[in-house]
Every structure is written in C-alpha cells, then in structure tokens.
Amino acid sequence: MSRNSSVKRRLSKILDEIERTDITVDTIKEAWLDQYGCRFLPHANNLSVAIKMHADWIPAGGPIRKKTVYIRRVKAASD
C-alpha cells in the first residue's frame, strides 16, 4: 500500500470517528497525533482537502481566527 492511500484511509477513519459537530483542521491534527503520533502527519492543505471531500462534513461559512470551520452535513440540514 502506498503512503498516500494509507494517509487517506487514516484521515477518513478519523473523520468518521469524530464525535463533534464542528471541527477545524487543528481538530484533525490533534486526533491524528493522539492516534498515530507525529509520524506522517499530513500538511494542513491535505487535511482541509480530505475534510472537503468527505461526505459528512461541509464548510460552515466564514473563518474564525483565520481557520475554516466545518460542520456535519446532518446538522446543517436540521438548521
């Protein structure tokens, strides 16, 4: 398995398991460090692309402190 596909698989797993309703790239970094340590920590650009491509998360509008917030698609539909 190539490094790129294993990173994508790990990111998808993290995004599926997060219990929060809103996240930022820093949230994903913290979850990655908790599960896998600092080895192969993806760049913030790769993390944001993974969040945007994931089916459960959508951008929530304007950035807060220069960080884009993402919310669960289900929560956005209920609002």
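The protein contains four helices and three strands, where helices (H or I, at least four residues) and strands (E, at least two) are DSSP runs numbered from the N terminus. Read along the sequence, these elements follow the pattern α-β-α-α-β-β-α. The model is a predicted one, in which local features need pLDDT of at least 70 and side-chain atom pairs count only at pLDDT 80 or more, while totals for chains, interfaces and linings use all residues. Residues are numbered from 1 along each chain as its sequence is written, and side-chain values use heavy atoms, with hydrogens and water left out. Of the 79 residues in the protein, 30% are buried (buried means under 20% relative accessible area, exposed over 50%, and partly exposed in between, with a 1.4 Å probe and protein chains only). Among contacts (heavy atoms within 4.5 Å) between residues at least 6 apart in sequence, 44% join residues at least 24 apart.

Helix α3 spans residues 44–53, and its buried residues are L47, S48, A50 and I51. Seen down the axis of α3, these buried residues fall within an arc of 160°, so they line one face of the helix; the arc is that of the directions from the helix axis to the C-beta atoms. The face of α3 turned away from the buried side carries the exposed residues N45, K52 and M53. What covers the buried residues of α3 includes the helices α1 (3–17) and α2 (25–36), together with the strands β1 (22–23), β2 (57–59) and β3 (70–72).

The largest nonpolar core comprises 15 residues, of which L11, I23, I28, I51 and W57 touch the most other members; such a core is a set of buried Ala, Val, Leu, Ile, Met, Phe, Trp, Tyr and Cys residues joined through side-chain atoms within 4.5 Å. The elements that give two or more residues to this core are α1, α2 and α3. When residues up to four places away in sequence are not counted, L11 touches I28, W32, P42, N46, L47 and A50.

The volume of the largest pocket is about 220 Å³. On a 1 Å grid over the protein atoms alone, a pocket is an open set of points where a 1.4 Å probe fits, with protein on both sides within 12 Å along at least five of seven lines, and lining residues have an atom within 4 Å of a point. Grid points are joined across faces, edges and corners, and the volume is the space filled by probe spheres set on the points. The lining divides into seven nonpolar, four polar and two charged residues, with Ala, Val, Leu, Ile, Met, Phe, Trp, Tyr, Cys and Pro counted as nonpolar, Asp, Glu, Lys and Arg as charged, and the others, Gly among them, as polar.

Several individual residues complete the description. F40, in the loop between α2 and α3, has a positive phi of about 60° although it is not a glycine, and at 35% relative accessibility F40 counts as partly exposed. T27, found in helix α2, counts as buried at 12% relative accessibility and touches I18 and R20, not counting residues up to four places away in sequence. K67 lies in the loop between β2 and β3 and is partly exposed, with a relative accessible area of 38%; K67 and V25 are 42 residues apart in sequence and 7.6 Å apart in space, C-alpha to C-alpha. R73 belongs to helix α4 (residues 73–78) and is partly exposed, with a relative accessible area of 44%. With residues up to four places away in sequence again left out, R73 touches A55, D56, W57 and I58. The C-alpha atoms of R73 and A55 are 7.8 Å apart in space, while the two residues are 18 residues apart in sequence.
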